[in-house]
Amino acid sequence: AYFFEEPSHTFGEYLLVPGYSSDRCIPVNVSLQTPLVKFKKGEESKIKINIPMTSAIMQAVSDDTMAIALAKEGGVSFIFGSQSIEQQAEMVSRVKNYKSGFVSSDSNIKPTTTLGEILELKDETGHSTMAVTDDGTATGKLVGIVTSRDYRITRMSMDQTAEEFMTPFAKLVYADADTTNLSQANDMIWDNKLNMLPLVDKNQRLRYMVFRKDYTDNKQNRNEVIDNKKRYLVGAGINTRDYAERVPALLNAGADVLCIDSSEGFSEWQSITLKYIHEEFGDDVKVGAGNVVDAEGFRFLAEAGADFIKVGIGGGSICITRETKGIGRGQATAVIDVAKARDEYYRETGVYIPICSDGGIVHDYHMTLALAMGADFMMLGRYFSRFDESPTNRVRINGTYLKEYWGEGSNRARNWQRYDMGGDKKLSFEEGVDSYVPYAGSLKDNVELSLSKMRSTMCNCGALTIKEFQQKSKLTLVSSTSIVEGGSHDVILKDKFSHE
Ligand code: MZP
């Protein structure tokens, strides 16, 4: 047998040691943009996400509601594949057809009946003005007006490179200062070629889409325009059995990226699947593969043509694979090892294949550690399952609100394809549990909080981008005694006492 020299560790055993931070190193300057699919040296990834978060390919996590909510924040969901091809394709198309707003051809403010409606009107000086309603999550009331002065415009060309300039022509004023929806929209992008005006926030996330009057008159054109570039990004899980039927259905529905969902990816099934998809549908169809936990597994999937590679076996919160089968590896060690293999592969071939740390994120800082260790992005199940937008029931037990969360390897999910070893079409034994997680509220609030911690830590380490963070970060293993030191200790917490 081969013995790895180092024991395998997980995130909770590491800490980051701060580095020098200049005065530019402030959270607002941090970019969390990251590549999702492979690219060649000197080129850019064809798909990038603005935050390094993807939601897990699980029944209890990623449906169309989750996908829309996460895409609004800049991440991407992979719609679960353990359902019929038709149902999964329907979910994908609901995300792609979600409209975020348009200009009416009317010159008066109308009752705001359409979700995310944006109305064109003239102000008293005759300047063109636009009224913007909310994005459909609230009641449709007026939240902002774009008038004709002092507005910062970003011009964006077809290849997505943004060129900023100041213009004296437009200004955003708020009709309702308490409304958060539009208060973040501090940039506008004008794309001449497409005749539309997406309003994006400071992280370049699309908030609203304004169409020219003459453009909206032609509804067919409008649908075409909200083409691949401007609609919300969505991914979908596939398996190594029915890909010949599932993949075309998902692509027709508009899926931007696919991922082979398997508990163990170092297998010929994955290379056959990748080869078939790339030969049949071309290299523009992007397919991730996994999961692997060492350099050898990475190399295998890289050479098989994977567009990104997922890392992690047995670390998921609902996963009992290590207990049932005795396979897996500490998540931190797996990420560190695979990230090294990715860099080596890049040096050798000039092809950068992003890696995704999948499973085992418990605290927000674990995400930051995963990035520091070399992950390009994370896949999270438990984290997202706690939010309003996850597809599961919220229940109240003993006065506490909980959400259901079950593994794909549990009897409840019956996702035998994920654990398929080429035998019977059934789950032979369970590798996952059915559980509850504490209900945590809305995705937006939680993601914003998690990311603010991430940005803050990155600044402590002197990094403004994920790449820079990976290069600059210094990590230390901690002893079990110093882990105790890391929490509050030797004090009596006040909430343990009830007042007399
Ligand atoms: P977590 O974020 O809940 O810790 O882990 C989510 C990940 O666990 C998923 O993305 C998937 O890779 C893995 N998973 C899903 N179901 C099971 C199972 O039933 C599982 N064993 O391990």
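**A tour of helix packing**

The crossing of H1 and H13 is right-handed. This is a predicted model. Select helix H1 (64-73) and helix H13 (residues 443-460) to see the pair. Their axes come within 10 Å and cross at roughly 40°. That angle makes H1 oblique to H13, because only angles under 35 degrees count as roughly parallel.

Now show the side chains where the two helices touch. On the H1 side, pick Ala69, Leu70 and Glu73; they meet Leu443, Lys444 and Val447 of H13. Sorted by class, this contact holds four nonpolar and two charged residues, with no polar ones.

Stay on H13 and look along its whole length. Its 18 residues should span 26 Å at 1.5 Å a residue, and the end C-alpha atoms are 26 Å apart, so the two values agree. Next, colour the buried residues of H13, among them Leu443, Val447, Leu451, Met454 and Met458. What do the buried residues of H13 pack against? Their partners are strands E1 (14-17) and E5 (53-55), together with helices H1, H11 (364-372), H12 (382-385) and H14 (466-472). Just past the end of H13, select Gly462, which has a positive phi of about 75°.

Move on to helix H8 (residues 295-304) and helix H10 (residues 331-349), whose axes come within 8 Å and cross at roughly 45°. H8 and H10 are therefore oblique to each other, and their crossing is right-handed. To display the contact, select Ala295, Phe298, Arg299 and Ala302 in H8, then Asp337, Val338, Lys340, Ala341, Arg342 and Tyr345 in H10. Six residues of this contact are nonpolar and four are charged; none is polar.

Technical notes:
Residues numbered from 1 in each chain as written. Predicted model: local features only at pLDDT ≥ 70, side-chain atom pairs only at ≥ 80, totals over all residues. Helix = DSSP H or I, 4+ residues; strand = E, 2+ residues; numbered from the N terminus. Expected span 1.5 Å × (residues − 1). Buried ≥ 20, exposed ≤ 12 C-beta atoms within 10 Å, placed from the backbone. Contact = placed C-beta atoms within 7 Å. Axes fitted to C-alpha atoms, helices over the stretch in contact; angles between N-to-C directions. Parallel < 35°, antiparallel > 145°, perpendicular 65-115°, else oblique. Left-handed = near helix turned anticlockwise from the far one by under 90°. Nonpolar A, V, L, I, M, F, W, Y, C, P; charged D, E, K, R; others polar.
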